[in-house]
Amino acid sequence: MAENTAIEWADHTFNPWVGCTKVSPGCDHCYAESWAKRAGKAAGVTWGGERRRTSEANWRKPLQWNDQAQREGRRFRVFCASLADVFDNQVPPEWREDLFELIRKTPHLDWLLLTKRIGNAAQMIEAAIANFDIGYVPAYAAWPWPNVWIGATVTDQAEADRDVPKLLAVPARVRFLSIEPMLGPIDLTGIAVGGGHGHHEFDPIITGNVLKRAASDAPHVHWVIVGGESGPGARPMHPDWARSLRDQCAAAGVPFLFKQWGEWVQWQQHPDHLPTSGHDSGDPLEFVKTGKKAAGRQLDGRTHDEFPA
Ligand code: SF4
């Protein structure tokens, strides 16, 4: 991993601003809020209060990464934003315009815009780039940009049913799902899509596999990341939930990344298969709190680190 992020699927993390408001059960143990509490005044934000734009020096970093990527003939994945949400209604729209201008100027970086507010994404992207000109065409005519991946966080079936259709309605070269923290089983093979999500108000509702749509040009999900919850108060993830998504992705030929178990691991998935003190019944459904590091990131004895091309 690169200098400034420990996130398994990104080379760099960039926060254009910090601060957010909780919007889903996946926010219950928000890492960013804990960070803000720990940092105190230095964070410069109260969770749920005003957002704070980061420094000019911080905003110059992606330009440096872009230069390095060009020099070395490679691409870096940039996770934007770990301490905020790009599509947050409470962020001044000019900040988002500046962010998209930065994205436009850094074509050697792949920008991963992951949000818990996917319903805002299409309209906010359109507004953010409406005044740019790229050559002779207004920027939105050239959207989707090849260096932007759009992701939605969902944690259970209800959120997947609600938000996957919204994700599919956002034009993007790569659409991905981050299912972390995974709080319940999710079946992506029977999601109802259409009926007014996004731009296509009169689309019929079609229920099917969003990893592999029947029409080859129909929007679908290109990548799935799964992870358990970490941090204080973390909830366990049942291995069968992760296995099911692994198998759904394999059947559809969609890349799957298993990020972590989180704080808990099922007794039979324990790295040494040894019960820890107080948890020695051997019940296969019993969970052991080992901490994130010891729980690791192997699923049925192997790591899954697949990425879209
Ligand atoms: S959307 Fe993300 S950053 Fe915002 S409160 Fe929820 S978990 Fe935290």
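Begin by selecting Pro255: beyond its neighbours within four places in sequence, Pro255 is in contact (C-beta atoms, placed from the backbone, within 7 Å) with Trp223, Cys249, Glu306, Phe307 and Pro308. The model is predicted, so local features need pLDDT of at least 70 and side-chain atom pairs count only at pLDDT 80 or more, while totals for chains, interfaces and linings use all residues. Residues are numbered from 1 along each chain as its sequence is written.

Pro255 lies in the loop between helix 7 (239–252) and strand 13 (256–260); helices (H or I, at least four residues) and strands (E, at least two) are DSSP runs, numbered from the N terminus. Pro255 is partly exposed, with 18 other C-beta atoms within 10 Å. A residue is buried with 20 or more other C-beta atoms within 10 Å of its own, exposed with 12 or fewer, and partly exposed in between.

Next, select helix 7. Its end C-alpha atoms are 20 Å apart, in agreement with the 20 Å that its 14 residues should span at 1.5 Å a residue; the expected span is 1.5 Å times one less than the number of residues. Colour Ala242, Leu245, Gln248 and Cys249, the buried residues of helix 7. They cover an arc of only 125° around the axis, which puts them on the same side of helix 7; the arc is that of the directions from the helix axis to the C-beta atoms. These buried residues pack against strand 9 (174–179), strand 12 (223–227) and strand 13. The face turned away from the buried side carries the exposed residues Asp240, Asp247 and Ala251. Just after helix 7, Gly253 has a positive phi of about 70°.

Move on to helix 6 (residues 157–168), where Glu159, Ala160, Asp163, Val164, Pro165, Leu167 and Leu168 are buried. Their cover includes helix 4, strand 8 (148–153), strand 9 and strand 10 (191–193).

Finally, show helix 3 (residues 93–104) with helix 4 (residues 118–129): they pack at an angle of about 75°, with axes 8 Å apart. Axes are lines fitted to C-alpha atoms, for helices over the stretch in contact, and angles run from 0 to 180 degrees between N-to-C directions. Helix 3 is therefore roughly perpendicular to helix 4, a term for angles of 65 to 115 degrees. Pro93, Arg96, Glu97 and Phe100 of helix 3 meet Met124, Ala127, Ala128 and Ile129 of helix 4 in this contact.

Notes. Parallel < 35°, antiparallel > 145°, perpendicular 65-115°, else oblique. Contact = placed C-beta atoms within 7 Å.
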